[in-house]
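Let's walk through this one piece by piece. Keep the 3D view open as you read.

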Amino acid sequence: MSSAASRMLPPTGRMLPPAGRLGRLRRAGTDAGSLRLIERHARAYRHAWLVFASGVFEPLLYLLSLGLGLGVLIGKVPGPGGRLVPYREFVAPGLLAVSSMNGAMYDSTFNVFFRLKYAKLYDAILATPIRPAQLALGEIGWALIRGAIYAVAFTLVMLALGLVHSPWAVLAVPGAVLIGFAFAAVGMAGTTYMKSWQDFDYVILASMPLFLFSATFYPLSVYPRPLQVIIECTPLYQGVVLLRDLVLGAPGPGLLWRAAYLAALGLAGLLVTGRRLARLLLV
Amino acid sequence: MLVRARGLTKRFEDFTAVAGIDFDLYRGEAFGFLGPNGAGKSSTMRMIGCVSPPTSGELAILGLDPVRDGSAIRARLGVVPQEDTLDVELTVRENLLVYGRYFGLPRKVIRERTAALLDFVQLADRAADKVDPLSGGLKRRLTIARSLINEPEILILDEPTTGLDPQARHVVWDRLFRLKQRGVTLILTTHYMDEAEQLCDRLVVMDHGRFAAEGSPRDLIARYCSPEVLELRFDPELHEQAGDKLKDFPAERAELLADRILLYVTDGDEALAAVRETGLEPLTSLVRRGTLEDVFLHLTGRRLED
């Protein structure tokens with residue numbers, strides 16, 4: 001089974017298309033498969049645009065409550081390099097990172113599980129020329145497009161509220177998309193192992209502490225050193241710092257490492273997901 | 001030849017669903033797999049649909065290898081799965097539009113075909129409706145329309161009318177018959193013998209992953225069944241006793257079912273008179289022609305829908 005499944009995976013070095021015109025035609029016809037799934041989702045959300053739009057509001061509500069509300073009481077906190085910044089400026093990029101994670105996780109876990117087990121969407125699609133790895137790429141691609149739209153909206157609001165002081169902030173949007181990529185891919189890979197809705201408690205169990213403790217709401221320096229080391233290993237912390245450094249205009253070389261870490265997680269999740277979908281659906 | 005299978009086998013861990021079958025399928029024919037649940041029909045269909053790699057044996061579809069060239073083969077197949085897999089988040093029309101896009105067809109082509117296909121399955125007036133509230137019969141018709149969006153060379157139907165009410169079944173049969181008349185090659189599985197008799201040029205009776213018999217419906221009936229069948233129903237208390245008595249009755253064969261006794265004879269009325277002469281008086285009796293159900297009963301000793 002596994003060898004058969006891996007043969008259905010997409011154009012990596014392992015599966016070279018047959019030479020000649022037929023092979024080229026076939027690739028041209030089917031390699032856009034992941035785009036077709038994105039097209040399908042775009043169409044489906046036309047019937048649920050309110051659900052789509054609601055994704056913009058969640059981080060905004062947090063920003064209003066924590067940044068502008070709680071921020072009045074807190075005053076200044078140490079930002080990048082220990083420089084003191086107003087709390088609302090500190091927390092805003094953190095909220096962008098968190099909402100990128102949450103949005104990606106929601107799309108790639110609940111929605112994917114529903115399509116996999118109940119809507120039988122993937123069974124229908126795999127009867128067409130589309131291959132399992134293209135499904136994985138399409139799902140994750142969709143999560144990223146959605147995430148990018150939300151990130152642009154949030155960044156514009158930050159700008160409007162005067163929370164942005166550096167042109168580097170433009171890179172916060174691709175940064176947020178990268179966070180989304182890591183979590184969408186890992187989340188979807190995990191979803192392929194889930195048996196029932198109860199298993200989603202694990203998703204909450206994993207994302208809730210990340211959400212609360214990844215130096216999103218306060219600086220890492222409040223923790224004792226051993227705890228700091230653990231938190232520095234988590235992807236959301238790396239994402240939070242990435243966005244905070246960009247938005248507050250203090251990018252350093254560490255930025256590249258953080259980006260590479262998130263990208264590597266995403267790629268690993270993508271590969272696992274393609275294989276798992278083949279194993280689950282092509283039996 | 002569109003499909004060629006030799007020693008085709010599908011095993012799931014220690015369960016053998018398809019136990020080495022050979023068949024050839026030719027362009028333009030309607031080929032049926034008749035058998036009870038669990039006979040291996042759906043596993044065979046999934047292998048032909050290139051969504052299930054064979055465990056062993058040879059399988060060539062349109063001259064291609066389903067494992068290596070699955071995507072290219074699927075581009076030329078139409079599939080009506082046993083369970084509806086319509087996209088419930090989309091409307092009737094969108095289901096066809098989106099499905100056509102999965103095949104990489106240009107939107108203009110899809111729009112033209114969608115209009116024609118919705119007419120064909122008589123769903124044009126529901127085009128803008130959501131899918132979920134549609135009845136089972138309408139969903140099936142939409143699934144059939146969807147499977148035709150890529151103008152497939154082979155249409156694979158896995159139990160196309162299971163779960164439909166009689167009226168809805170007849171509409172589906174009518175549409176499939178029209179497709180057959182147009183020259184579309186059909187492969188279908190069914191456990192309804194009337195469906196197989198109506199639609200199939202050639203069929204195999206499948207049981208426990210193997211073929212028990214193969215031929216046209218008429219051939220099979222002629223080969224494995226008598227010209228007429230006398231069905232007798234007795235008072236439940238006398239049922240077994242009557243069965244014992246009729247075992248030695250001069251019929252080709254007798255079958256004692258839970259509720260009826262079947263006598264396979266040349267002349268049903270004559271046989272009924274002879275039964276009455278032995279002193280047995282059935283509550284009801286029916287003389288009918290042999291069907292594929294009788295063939296199946298003869299070949300496997302079991303009824304199809306049990």
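Which domains does the domain assignment of chain B give? There are two entries, domain 1 (3-222) and domain 2 (225-300), with bounds taken from an automatic or database domain assignment. Their C-alpha centres lie 37 Å apart. Where they touch, domain 1 of chain B supplies 16 residues and domain 2 of chain B supplies nine, contact meaning heavy atoms within 4.5 Å.

A quick note on the ground rules: this is a predicted model, where local features need pLDDT of at least 70, side-chain atom pairs count only at pLDDT 80 or more, and totals for chains, interfaces and linings use all residues. Residues are numbered from 1 along each chain as its sequence is written, chains are lettered from A and ligands numbered from 1 in the order in which they are written, and side-chain values use heavy atoms, with hydrogens and water left out.

Staying in chain B, look for Pro282(B) in the loop between helix H10 (268-277) and strand E13 (284-289); helices (H or I, at least four residues) and strands (E, at least two) are DSSP runs, numbered from the N terminus. Pro282(B) is buried, at 7% relative accessible area (buried is under 20%, with a 1.4 Å probe and protein chains only). Phe234(B) is 48 residues away in sequence, yet its C-alpha sits 4.8 Å from that of Pro282(B). Leaving aside neighbours within four places in sequence, Pro282(B) also has Leu272(B) and Arg276(B) among its contacts.

Over in chain A, helix H5 (residues 87-118) packs on helix H8 (residues 172-191) at about 30 degrees, axes 8 Å apart. Angles under 35 degrees count as roughly parallel, so that is what H5(A) and H8(A) are.

Notes:
Axes are lines fitted to C-alpha atoms, for helices over the stretch in contact, and angles run from 0 to 180 degrees between N-to-C directions. Angles under 35 degrees count as roughly parallel, over 145 as roughly antiparallel, 65 to 115 as roughly perpendicular and the rest as oblique. Buried means under 20% relative accessible area, exposed over 50%, partly exposed in between (1.4 Å probe, protein chains only).
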